[in-house]
Amino acid sequence: TRTPLRLPIGGGGTDLPYYYSKHKGFLITATINKYIYITLHERKFYQESLLKYSQIEQIRNIDEIKHTTIREALRLLNIKNPLEIVSIADVPAKTGLGSSSSFLVGLLNALHAYKREFVSIAHLAEEACHIDIDVLKEPIGKQDQYASAYGGFVQMGINQKGKVIVSRLDIEQDTIDELKKNLFLCSIKNDFLVV
């Protein structure tokens, strides 16, 4: 799978549960042409799964997996067969571009494809939100997962119960080109600064 990273445009913070549960949420976000890549295949002749990301894990049991996102995605989809899962990224982790959520959306997409299941974009985004927010208790909102799943320029409305409505923004190509010309993504000691 190839899943894009995102840039917040406006409304960040309104996607957090403590905010939208009281006031509703609304934000605009966009993805960029930097990606997280996930490949996987079944290891038919092995007893262990092999996980390659910034570290390498070789495990026999899901409970042994240190990478919490991989562990919980496999649990959610009830996959117990030995797999090799490899991730590659265009940018380092912890850049503020939503890479962990992009990783999770891409992983879920790859795992559903492995199971020969078609799921909607909204379903992928909600599964990722469920793992991040409900299972792992990460202090994050829903922007990153939905942006990565939908891609492009989108607006998101979130009701007080957490239901997300996504719609594409009809933006003229000239406006997008102007934004691209005036937007700089700079790496400063493995952190990224958007100017």
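The protein exposes about 11200 Å², and carbon and sulfur atoms supply 52% of this area. Accessible areas were computed by the Shrake-Rupley method with a 1.4 Å probe, and for residues only the protein chains shown count as cover. The model is predicted: local features need pLDDT of at least 70, side-chain atom pairs count only at pLDDT 80 or more, and totals for chains, interfaces and linings use all residues. Residues are numbered from 1 along each chain as its sequence is written, and side-chain values use heavy atoms, with hydrogens and water left out.

Of the 195 residues, 45% count as buried (under 20% relative accessible area; exposed is over 50%, partly exposed in between; 1.4 Å probe, protein chains only). The fold holds six helices and nine strands. Both are DSSP runs numbered from the N terminus: helices are H or I with at least four residues, strands are E with at least two. The radius of gyration is 17 Å, close to the 16 Å that the globule rule gives for 195 residues, so the protein is as compact as a globular protein of that length. The radius is taken over C-alpha atoms, and the rule is 2.2 Å times the number of residues to the power 0.38. The C-alpha trace spans about 55 × 35 × 30 Å along its principal axes. Among contacts with a separation of 6 or more, 63% join residues 24 or more positions apart; contact means heavy atoms within 4.5 Å.

Aromatic pairs were assigned to rings of Phe, Tyr and Trp (its six-membered ring) with centres within 6.5 Å; planes under 30 degrees apart count as stacked, over 60 as edge-to-face and the rest as tilted. The count is two pairs. In one, the ring centres of tyrosine 35 and tyrosine 37 lie 6.2 Å apart with planes at 55 degrees, so the pair is tilted. Tyrosine 35 is buried because its relative accessibility is 16%. Tyrosine 37, at 29%, is partly exposed.

In the other, tyrosine 146 and tyrosine 150 have ring centres 6.1 Å apart and planes at 15 degrees, so this pair is stacked. Both residues lie in helix H5 (residues 143-150), four residues apart, about one turn of the helix. Tyrosine 146 is buried at 3% relative accessible area, whereas tyrosine 150 is partly exposed at 22%.

Charges also sit over rings (NZ of Lys or CZ of Arg within 6 Å of the ring centre and within 35 degrees of the ring normal). The charged end of arginine 2 lies over the ring of tyrosine 35, 4.0 Å from its centre. That of arginine 43 lies over the ring of tyrosine 46, 3.9 Å from its centre.
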